[in-house]
Amino acid sequence: MKKQCELKPSDLRSTCDPKMFTFKDTSEVNPLEKVIGQERAVQAIEFGLNMKSPGYNIFVTGIEGTGKSTIIKDIVHQYAKKLPTPPDWCMVNNFKDEYRPKAISVPEKKAMRFSKTVNKLIDDLKEELPKAFEHESYQQKLSEVQKVFTDQQKDIIKKLESSASEHKIKINRTKTGYQTIPIVKDKAISPEEFLALPKDSQAEIEENISRVQAEIDATVREINKINQSMGSQIEKLMQEIALFVVKQRIDVIRDEYKACRDILNYIDEVQADILENVQDFIASSETKSPMEGLMFPSAKPSFLRYQVNVLVDQKDLKGAPVIFETNPTYQNVFGQIEKRAYMGTVTTDFSMIQAGSLIRANGGYLIMEIESILMNPLVWEALKRALQNKLLFIEDVTSTLGFGTSSLRPEPVPLEVKVILLGSYDLFHLLQNHDSKFNKIFKVRADFDHEVAKTDDTIQNYARFIARACKEENLNPLTPKGVAAIVEYGEKYISDKNKLSVRFGPIMGILREADYWARKRNSNKVTDKDVIRAFTEYRFRYNLYEEKIHESYVDDTIMIDVKGDEIGQVNALAVFQIGDISFGRPSRITAETYMGKQGVVNIEREAKLSGKTHDKGVLILSGYLGRTFAQSYPLNLSISITFEQSYGGIDGDSASSTELYAIISSLSGIPIHQGIAVTGSVNQKGKIQAIGGVNQKIEGFFDVCKAKKLTGRQAVMIPNANVKNLMLKREVIDAVKAGKFHIYQVSTVEQGIEILTGVPAGKPDENGDYPDDTVFGKVQAKLKRYLERSFELKKQFDSQNETNG
């Protein structure tokens, strides 16, 4: 059986023949321009980019190192170059409501120019409007208007004075109004003289004063009306002059941006506000208050309201924008309203509004990582709202949460952006299953694979990828042997002889480090020796813990036998994972069988040290034992199994076949050779199933055997289904070639127990009985003895009870 199941050295590793490469080094190879092995993902991305309907945003999944970010950016940039450049965006004052500034679109690459144009307009008007109002023609028209209304005032006052004179009343104008003074004998009299007059004269004077006072009130009202009319006429005149000065300059702007409705509307509002507040432009410098600069600075006309705040300027952009937001905080994604401290408080205005990634990517593409988004509060919900409503609100997040002072609330910006999120499978499934809006907004999933079928074409593409990497990062070219070593590394990385890894992140690390070691030996080419050393040195930097574990096997702190024979004892294999480094080491499993009805007792489970998968594997053992040995009579036994010297958690079912072998050995009384370690799960039918980490497990046991001295009988027994995963290190293969170490593959429990014991498992006859000289025959015999003994004991107990009764 051993010879039939033993693997040849050629089965233990897939090698890449450097002769398949026709180049001397990769500098002669055309760099790769396409993506290796990601046809599904690329097709999904292209579909999502081409779909213009709402909701076809893209969620990209895949494990780290598959080049998702690089591939996404390359594809999106290619698409973006073919699209038109979107308009620029500016934030301007809302003259109707200063707390609701609005964003306007500006023809692409003209935002800064438009901002400067408006600033120049205001600066010109500050100079030209005062000049226009100081000009002789304006002063003459102003004088004419003032003369007309002044003459009207004079006529009214003259008429009032004449009427007062008829009533023998003199009108004296003061700062506080009009004063009436009686006249007697052409002479104004004092109050004392008035009181000295006869009563009838006093009454007549008082009546005249009342009449004149009524005329005075009417005259004042008439004069006020005249002043108002004069003010209106002067304002109209100023409007005409200002309009003449402003319009000829603003019309130039209108002509330049006549195709942009937003700008035309804004310019109309600017013109109306300038005409309404023309005094701000012509106001002369006022006398400074003595308190100015201490507590109460004098108010000066503010022209900030005419400023244009440029949010997005695409002047250096060709095609649509592609933004990769690496830190998606709320402010970075949606923008923010900044504030400035002023006299113990904070102030803000529309000029302090800053753009975020969404508006900068408007008309193009925004790429972000979902994990970073979910780590920042409020971003995910706000992003979904923006994409669903196609509106971007730039808000003060502290105000929306109820903190801080009231702030601006800019009008929403129309949004047309394609969002691409990068994330893990777990987060995708979490959002898909628990977020009701997720599937409506992210309708396209692009799933990146981590492996590709190994063919001559993919191997040649590997070489082209290496050529590209060397060219982009200025690395030394690789020789054919160096490329072959990288190809073999790609196979070993995924533990599959028929596939290659497309996790190019780790491969790039090996290329950079191999280049370092090549330069270290003053070579301008990277060979297979440099690649192997890069891998070896990398492992050496990270495997201190592995060495410490290994020492505990060498000094027998952890008890492992690699020679001799023991009953109910087998060496299982486990994998330790420390970051990117994984390694295998043996672990002793023992089983004890005895009479009873407890069935299989898993000590790890009783001690709460085992996981669910491991518990399931142990329970399967009962099914196999019952199927094999309890078809004619019930099982009557107890089994105790455990991982010796295991003090941490255990999970996985890769040791279930090992546990079964230990049980069978204990029941049969046939010893198992301790030089053979076992891995593989088992089902209830007795079939050996594939497991993970087969290379690490074999190499780990080999290292322990080597440290304890190879005997030529040591081996590892693996599932037949894992043969395709073998990519063992050359040291193990050399030992197999020399007959110092062996690898066996099995498909059934019967094959495995025969290799471990050297005794045939046995086949049942028509009655279900196994031959006495087989492993299963001896198991069957012991089980029968257990059952018979249990019946005998039952009879004895029954007899004793009857006697006592």
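This is a predicted model: local features need pLDDT of at least 70, side-chain atom pairs count only at pLDDT 80 or more; totals for chains, interfaces and linings use all residues.
1. The charged end of Lys-82 is placed over the ring of Tyr-79, with 5.4 Å to the ring's centre. Arg-445 does something of the kind with Phe-428: it lies over the face of that residue, 4.3 Å from the ring centre.

2. On to rings against rings. Searching the whole structure turns up 28 aromatic pairs. One to look at is Phe-59 with Phe-438: the ring centres are 5.5 Å apart and the planes meet at 75 degrees, so this pair is edge-to-face. Phe-59 belongs to strand E1 (residues 58-61) and Phe-438 to helix H16 (residues 438-441), so the pair ties together parts that lie 379 residues apart in sequence. Both Phe-59 and Phe-438 are buried.

3. Tyr-330 and Phe-334 make another aromatic pair, this one tilted, with 4.8 Å from centre to centre and 35 degrees between the planes. Why are these two about one helical turn apart? Because they are four residues apart in helix H10 (residues 330-334). Are they buried or exposed? Tyr-330 has 9% relative accessibility, so it counts as buried; Phe-334, at 2%, counts as buried too. The cut-off used here is under 20%.

4. Ring pairs connect Phe-95, Phe-114, Tyr-257, Tyr-266, Phe-281, Phe-303 and Tyr-306.

5. Now the cores. The largest nonpolar core has 47 residues, and the members touching the most others are Tyr-661, Met-717 and Phe-776. What does Phe-776 contact, once its neighbours within four places in sequence are set aside? The list is Tyr-624, Thr-628, Phe-629, Ile-664, Glu-750, Ile-753, Ala-761, Gly-762 and Tyr-770.

6. Last, helix H26, residues 730-737. Its buried residues are Val-732, Ile-733, Ala-735 and Val-736. Looking down the axis of H26, you find these buried residues within an arc of 160 degrees, so they line one face of the helix. What do they pack against? The partners are helix H25 (694-708) and strand E30 (742-746). After H26 comes Gly-739, which has a positive phi, near 75 degrees.

Key. Residues are numbered from 1 along each chain as its sequence is written. Side-chain values use heavy atoms; hydrogens and water are left out. A nonpolar core is a set of buried Ala, Val, Leu, Ile, Met, Phe, Trp, Tyr and Cys residues joined through side-chain atoms within 4.5 Å. Buried means under 20% relative accessible area, exposed over 50%, partly exposed in between (1.4 Å probe, protein chains only). Contact means heavy atoms within 4.5 Å. The arc is that of the directions from the helix axis to the C-beta atoms. Rings of Phe, Tyr and Trp (its six-membered ring) pair if their centres lie within 6.5 Å; planes under 30 degrees apart count as stacked, over 60 as edge-to-face and the rest as tilted. A charge sits over a ring if NZ of Lys or CZ of Arg is within 6 Å of the ring centre and within 35 degrees of the ring normal.
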